[in-house]
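The sequence and coordinates are displayed below.

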Amino acid sequence: CTTPARVNTPLSVITEAFEDLADLLKPQRSDEIEEDEDGLRLCDFCSACTHVSVLFNCLGFAFKFAEMEYIAKVKDLVEASKTFDTLQNILDLDVEKETVKTPGSHSRNLRRVRQGLDLIRAIFEQFLIADDYSLKDAATTAYTEVCAPFHTWAVRTAVYAGMYTLPTRDQLLLRLNETDQSVEKNMRRYMEASRPIIEYIDKLYIERNIKLDW
Ligand code: 1PZ
């Protein structure tokens, strides 16, 4: 069969979703006088996060658990978006109820999804350090940096064991339908776009005097 000259790869779909989201964070030129008080809308955030799911299809069975975890957290936020308009709204309610860190609360799930987005960013960053760097090593370093400090011993052990089952670099490129050049471009674009979003989420907690050590 033939391959079209330009196809939408899974990675480019994710990247574009986060670029669109990052654009929403940029101050609107037209109403500069008044600061945008509402901030990011939950439904916009969720629709970008939903796209990440396609990445999991490339990882194999060992990461089914991570996939289910991630999807469950995003799904909770999608549900929340039916009642709450913005990310700020869910934090404000949990602050009021003192349930920010309570397992299953929207604010806790938002923190987990944010960690997932940051993990992907860190994996991409590691992946691009060298052409011969294995996905396993890239993912292990990224996980150790970004998520391991916040996970239980049992989860960390399972994740490190799962790393051995990750596809090779070439297998990943094949599954993602990317070349060395296109993957670099798309990963860098995701890294750029996700950074302000991650920072924005962190700021929501910090502004409410919630430390980010969990
Ligand atoms: C293409 C690169 C592939 C690299 C794969 C690296 C995968 C790392 C997987 C991390 C699994 C974490 C699993 C479980 C975490 C749970 O302890 C917490 C529990 O939260 P609680 O319910 O206590 O509030 N759950 C999460 O942190 C939810 C989100 C984790 C999933 C992140 C996945 C990121 C995506 C990886 C690339 C596709």
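## Salt bridges

A salt bridge is defined here as a side-chain nitrogen of Lys or Arg within 4 Å of a carboxyl oxygen of Asp or Glu. Side chains of opposite charge can pair when their charged atoms come close. The model is predicted: local features need pLDDT of at least 70, side-chain atom pairs count only at pLDDT 80 or more, and totals for chains, interfaces and linings use all residues. Residues are numbered from 1 along each chain as its sequence is written, and side-chain values use heavy atoms, with hydrogens and water left out.

One of the salt bridges joins Lys-82 to Glu-79, with an N to O distance of 2.9 Å. For solvent exposure, buried means under 20% relative accessible area, exposed means over 50%, and partly exposed lies in between (1.4 Å probe, protein chains only). Lys-82 is exposed because its relative accessibility is 62%, whereas Glu-79 is partly exposed at 43%.

Helices are DSSP runs (H or I, at least four residues), and strands are runs of E with at least two residues; both are numbered from the N terminus. Asp-92 and Arg-208 form a salt bridge in which the closest N and O atoms are 2.7 Å apart. Asp-92 belongs to helix H5 (residues 87-97) and Arg-208 to the segment after helix H10 (180-207), so this pair ties together parts that are 116 residues apart in sequence. Asp-92 is partly exposed, its relative accessible area being 37%.

A salt bridge also connects the side chains of Arg-111 and Asp-202, at 3.8 Å from N to O. Here distant parts of the chain are again linked: Arg-111 is in helix H6 and Asp-202 in helix H10, 91 residues apart. Both residues of the Arg-111 and Asp-202 pair are buried. They also take part in a network of salt bridges that links Arg-111, Arg-114, Asp-118, Arg-121, Glu-125 and Asp-202.

## A negative surface patch

Which residues gather in a patch of negative charge on the surface? They are Asp-131, Asp-132, Asp-170 and Asp-180. Patches are made of residues with over 30% relative accessible area and no salt bridge, like charges being joined within 9 Å and nonpolar side chains (Val, Leu, Ile, Met, Phe, Trp, Tyr) within 5 Å. Asp and Glu count as negative and Lys and Arg as positive, while His and the chain ends are not counted. The place of a charge is taken as NZ of Lys, CZ of Arg, CG of Asp or CD of Glu.

Asp-132 is exposed, with a relative accessible area of 69%.

## Cysteines

The search of the whole structure finds 0 disulfides, a disulfide being a pair of cysteine sulfur atoms within 2.5 Å. Cys-43 is in no disulfide, and the nearest cysteine sulfur, that of Cys-46, is 7.6 Å away. For Cys-147, likewise in no disulfide, the nearest cysteine sulfur is that of Cys-49, at 14 Å. Cys-43 is partly exposed at 31% relative accessible area, whereas Cys-147 is buried at 4%.

Cys-46 is located in helix H2 (residues 42-51). Cys-46 is buried, with a relative accessible area of 4%. The C-alpha atoms of Cys-46 and Leu-77 are 6.8 Å apart, although 31 residues separate the two along the chain.

## Positive phi angles

Most residues other than glycine have a negative phi, and most peptide bonds are trans. Glu-98 has a positive phi, near 55°, and lies in the loop between H5 and H6. Glu-98 is exposed, with a relative accessibility of 72%.

Asn-209 is not a glycine, yet its phi is positive at about 60°. Asn-209 is found in the segment after H10 and is exposed, with a relative accessible area of 74%.

## C-alpha separations

Ala-17 lies in helix H1 (residues 10-25) and is buried, with a relative accessible area of 13%. Ala-17 and Leu-87 are 17 Å apart from C-alpha to C-alpha and 70 residues apart in sequence.

Thr-83, in the loop between helix H4 (64-80) and H5, is exposed at 63% relative accessibility. Between the C-alpha atoms of Thr-83 and Asp-118, which are 35 residues apart along the chain, the separation is 26 Å.

Methods
Areas by Shrake-Rupley, 256 points an atom, 1.4 Å probe, with all protein chains shown as cover.
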